[in-house]
Amino acid sequence: MRRFLASSAALIAAGLSLPQAHAQDAPESPPWNAADDVYGPEVMTRARDRVLEENGETPYGLLMIDRLEWQDAGEDGVGLWDVQGYYGGDINKAWVKSEGEYDFGENAFEEAEVQLLYSRAITAYFDLQAGIRQDFEPSGETYAVVGLQGLAPYWFEVDGGLFLSENGDLTARFEAEYEVLLTQRLILQPRLEVEAAAQDVGYQDLGAGFTGISVGARLRYEIRREFAPYVGVAWSSVLGETSQIVQDSGGDPNDARLVLGIRSWY
């Protein structure tokens with residue numbers, strides 16, 4: 001920080017120490033190079049590099065617990081988590097994502113996955129991501145991942161990905177969220193998730209086409225910006241050929257749940 005302040009002071013002092021010239025007497029070289037005549041090119045190169053590092057290349061990180069909730073799914077309910085974290089600069093980052101469900105009645109995980117991704121900013125609002133995904137439940141599959149995450153027009157947060165399994169099966173997932181500020185602390189967050197498969201995946205009971213949709217809304221109160229309990233509702237349905245597979249096995253293709261949870265970030 002001291003070096004950064006000293007570098008910035010050098011840039012400012014150099015500018016102040018130069019006499020003001022009339023427009024017709026303006027130097028041919030850009031004004032930001034004028035400080036080289038006062039402090040020397042080597043010193044000013046180091047100063048500019050330091051300013052760039054402090055203002056654009058400093059790595060930083062975030063851990064976001066977007067959903068940590070209990071869902072009313074009969075008997076003892078289901079626990080759900082949706083966690084993301086990253087570390088890096090403005091352009092390049094390393095991302096870790098994990099989500100899944102735990103059935104308290106069965107004392108077993110229904111779903112559990114972790115993604116490790118490299119992310120690169122391709123516009124001011126979107127990052128292109130690529131990496132691997134490891135499922136621990138229900139099938140233990142490993143996937144190659146290509147995705148896009150960012151902020152769409154009208155402030156929709158979107159996250160989409162294509163997943164190619166080690167068996168050659170291609171699936172996709174798209175998520176979108178939006179925040180409605182009822183007050184500065186009371187926030188309503190609608191959410192949409194859509195899943196699809198490019199082919200039948202028999203060992204996962206998936207049919208080709210759109211396989212599922214989930215919509216919900218969560219109302220949270222930010223006790224602090226970093227900590228907010230919430231209540232909400234979630235409705236999900238399996239679609240197309242997958243719906244017929246679920247019905248043939250005696251399951252219900254539609255499911256509505258009350259949710260209670262916590263959203264937090266660090």
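Biologist: Hi! I'm starting with E69: is that residue buried or exposed?

Modeller: E69 is buried, with a relative accessible area of 5%. Do keep in mind that this is a predicted model.

Biologist: Thanks! Which side chain does E69 meet in a salt bridge?

Modeller: The partner is R218, and the N to O distance between the two side chains is 3.0 Å. R218 sits in strand β11, which covers residues 209–221, while E69 belongs to strand β1, residues 60–71. The two are 149 residues apart, so the pair links distant parts of the chain.

Biologist: And why does R218 count as buried?

Modeller: R218 has a relative accessible area of 5%, and it counts as buried because the cut-off is under 20%.

Biologist: How many salt bridges does the structure hold?

Modeller: There are 20 of them. As background, side chains of opposite charge can pair when their charged atoms come close.

Biologist: What about E222, which residue does it meet in a salt bridge?

Modeller: E222 meets R225, at 2.7 Å from N to O. E222 is buried, with a relative accessible area of 6%, whereas R225 is partly exposed at 38%.

Biologist: Which residues are linked with those two in a network of salt bridges?

Modeller: The network takes in D66, E179, R220 and R263 along with E222 and R225.

Biologist: And R224, what does it form a salt bridge with?

Modeller: R224 pairs with E226, and their closest N and O atoms are 3.6 Å apart. Here R224 is exposed, with a relative accessible area of 55%, and E226 is partly exposed at 28%.

Biologist: Which strands supply at least two residues each to the lining?

Modeller: Quite a list: β1, β2 (78–88), β3 (92–103), β5 (126–137), β6 (142–152), β7 (156–165), β8 (170–177) and β13 (254–265).

Biologist: Let me follow up on β5. How many bridges join β4 to β5?

Modeller: Ten bridges join them, and the strands run antiparallel, with β4 covering residues 108–121. They form a hairpin with four residues between them. If you want a spot to look at, A121 stands opposite D127 in β5.

Biologist: And in which sense do β5 and β6 pair?

Modeller: β5 and β6 pair in the antiparallel sense, over nine bridges. R133 stands opposite Y143 in β6. These two strands also form a hairpin with four residues between them, and G140 in the turn has a positive phi of about 70 degrees.

Biologist: Zooming out, how many helices and strands does the chain have?

Modeller: It has four helices and 13 strands.

Biologist: Last one! How much of the chain counts as buried?

Modeller: Of its 266 residues, 35% count as buried. As for contacts in the chain with a separation of 6 or more, residues 24 or more positions apart account for 45% of them.

Notes. Residues numbered from 1 in each chain as written. Predicted model: local features only at pLDDT ≥ 70, side-chain atom pairs only at ≥ 80, totals over all residues. Heavy atoms only, no water. Salt bridge = Lys/Arg side-chain N within 4 Å of Asp/Glu carboxyl O. Buried < 20%, exposed > 50% of the residue type's maximum accessible area, 1.4 Å probe, protein only. Pairing = 2+ DSSP bridges. Contact = heavy atoms within 4.5 Å.
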